[in-house]
Each structure stands twice: as C-alpha cells, then as structure tokens.
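Subject: Structure for you to look at

Dear colleague,

Here is the structure I said I would pass on. My notes follow below it.

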Amino acid sequence: MKRVVRRVINHKYTAVNPNILIVGSVINFDCFIKRFGDYVIIIEAGTLITSELAHIINQNQDIYIAVHDMEKVKVYKTQFGEDEHSKELNQIRSVEEAMRSMFAVKEELKELKSLEKQITKAYQRTVDLMEAIFNEKSETLPLNALFVATEVLVDYLYSEEINVMPIVLPLMPHEYSTHHHSTNVAVFSIILAKTLGLPKADLLDVAYAGLLHDIGKIRIDRFILLKPASLEDDEYDLIKRHSEYGFEILQNNGITNRKILDGVRFHHEKLDGSGYPEKLRGIRIPKFARIIGMCDVFDALTTRRTYRSNYSTYEALMLIKQEMAEQFDVRYTDTFIRLLASR
Ligand SMILES: [Fe+2]
Ligand SMILES: [Fe+2]
C-alpha cells in the first residue's frame, strides 16, 4: 500500500521595506500584509508593479515575504535594483504639481507638429492628473484642471475627421490602474459620443463624467479595492457604493450639471435592470451613463487585474456583443465595434 505523506505548510514570514518593489517590474514572489494577526496575500507572484500599486503599498504598513522566498527576492533585487529610471517612475506628483502641468499643456500642445504627439501628451498629462487625484484622495477636486484636461482631450480627439482609435489604443497599458482606467473611459466616451453625433458641448461633459466616473472609490478601503481574491458579498456591496459616493463628491464640489452627475451616478446601470444603484431599465438610464457604462466595461475587460488576466479586444467585444447583449444599447455597441474594427 502506498504511504500518503501529508505535508504541513507552515510558512515563516519576514518584514521587508516596501521600497524594494520597483515600478515596471514583475515580482517573482508573493507579498503579504498582516491583518488581524494573519498574513494576507496582497500581491501575487507574477504581478506587474504599477506606480499606483507601489504607492498604495508604500503607504501601507510593512510588507511580508515568506522566508523561503528570500532567495527569489535577492534575484529580483539584482535584476531590478533601483536606477534613475525607476526612481522617476516611482515619483508621484501632487495634485498641485499635476494642475500646474495641466494649465501649461495647451501652449505646449500647439508646439507639437503631429496629431499623434499631441494626443499622446494630452493623454499622459490627464493620466498624471488623475493619478495625483486618486493618490491624494482629497474630496476637494481640482475642477479647473479637470476642465482643461477635458478640453484638450476633446480638441485633439475631435479635431480631425479620422478614426483616432489607432493612436489612443497603444497608449493604454494592459495593467489596470484607476487613473489609466478613468482616462481611458473618458477617451473612449469622447470618441463614441462624437461618432454617435453628439454636439461638442456634450463631448466635454461626457469626458468630465468619464474622468470622474469612479471618483467615489477614494472613499473605499484600498485593501478591498486591491484584494487579489474574489470579494465577499459585503465587500462587493461596499464597492458598489462608489457610484453614489461619486455623485455626492461631485455635488459637494458644486457641480450642478445634471448630465455629468447622472453619468457618474448611473454608470453601472444596465438596460435589462441588472445594474446598480437603482436597477434602472432601458432609456430610463441617462444617455451619458449608457455611453460611459459600455466604455467602462470594455476598458475593465481589456486590462489585467490582480485576480484575472485581460481579455483581448476581440474577446471583450464578443463578450459585450453576445453575453452582455441585454445590458447595453446595441447602437452603441455596434458603433464601438466598428470604430475598433476599422483601425
Ligand atoms: Fe465604476
Ligand atoms: Fe470604472
């Protein structure tokens, strides 16, 4: 008879400085934090360290590594030891600094010769601003700088009668971060709204709502937002509050534009009534919310999360078109597919 050997895994952990995680590297060991006396995995081996992730970890308490992984940490450090490039990437701007860069960008964009360079710069500056906003978590929003961001995005994405998808898609990283996601949703919403024939004033508003659609997440514990495993029901309920929180934050900042407020509040509503917070159906869901909602799902599916890999553009579109057909406006999905197919 075969003997069954039952191995008891009893890891020992050691605290390490969170600064060992270098932005742009993929870690080859699991990272843990201590919660209520237990070691809880916070970043899995194989994860790309984004600047947002590094920032969150740096703000967190110590991180812990299983002792038996320390050899891997040594290899990682020799491979990715901090250099000038990673130092620069690790540097996160303050909102004030990002605002100043945003106010300067209009003149800088005029100097650039190609539309591609202009769109790239407008996109990067917006990402920087959103990153600073999500890092600082202040509920007082830099409304003017956000308005400049929407103006430049709309100006350059709207300026030519060409499909700008081939220019914007390569700018978008496959790794999910809230600041890239917010910018991507704004960019996709502008392009979709423009193609659907919405007036320019609406494009500015849809971009504003797109940038801020997930702003309510600044009120949610980052431990839940970044949890690599699937969420418990009560944790998911907490996350679902972000659209109403966003609505409140915008109102508290003096925003009264109904289209923007509703775009944020209802971006998770679905045509078949399966969404939240109000389970609205069909055309009761405001137009901006329908546009942003579809762009939101597309961007979320095509970016990698701590708990799953990303879908390709084709796979994401097929999911939206077939399995989520009841949830989205078919005119919006078909237009979006055409834009992505004709690039
Ligand atoms: Fe959301
Ligand atoms: Fe979102």
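This is a predicted model. I began with the packing. The largest nonpolar core has 77 residues, and the members that touch the most others are Ile119, Leu146, Met165, Leu212, Leu250, Ile291 and Phe336. Helix α5, residues 115-136, contributes ten residues to this core, the most of any element.

Beyond its neighbours within four places in sequence, Leu250 contacts Leu141, Leu212, Ile215, Ile255, Ile260, Leu261 and Val264.

Next, the metal site. Four residues coordinate the iron ion (ligand 2): His181 and His213 through NE2, and Asp214 and Asp296 through OD, at 2.1 to 2.2 Å. Along the chain, these donors follow the spacing H-x31-H-D-x81-D. The histidine pair links distant parts of the chain: His181 sits in helix α8 (residues 178-195), while His213, 32 residues apart from it, lies in the loop between α9 (200-212) and α10 (222-225). Both His181 and His213 are buried.

Why is the arrangement around the iron ion (ligand 2) irregular? The angles subtended by its four donor atoms run from 77 to 174°, and a tetrahedral site would need all angles between 85 and 135 degrees.

Finally, Asp214 also bridges to the other metal: the iron ion (ligand 1) lies 3.4 Å from the iron ion (ligand 2).

Regards

Key
Residues are numbered from 1 along each chain as its sequence is written. Chains are lettered from A and ligands numbered from 1 in the order in which they are written. This is a predicted model: local features need pLDDT of at least 70, side-chain atom pairs count only at pLDDT 80 or more; totals for chains, interfaces and linings use all residues. Side-chain values use heavy atoms; hydrogens and water are left out. A nonpolar core is a set of buried Ala, Val, Leu, Ile, Met, Phe, Trp, Tyr and Cys residues joined through side-chain atoms within 4.5 Å. Buried means under 20% relative accessible area, exposed over 50%, partly exposed in between (1.4 Å probe, protein chains only). Helices (H or I, at least four residues) and strands (E, at least two) are DSSP runs, numbered from the N terminus. Contact means heavy atoms within 4.5 Å. Donors are N, O and S atoms within 2.8 Å of the metal (3.2 Å for Na, K and Ca); water is not among the atoms, so sites may look incomplete. Four donors count as tetrahedral if all angles lie between 85 and 135 degrees; four count as square planar and six as octahedral if opposite donors are over 155 degrees apart and all others between 65 and 115; anything else is irregular.
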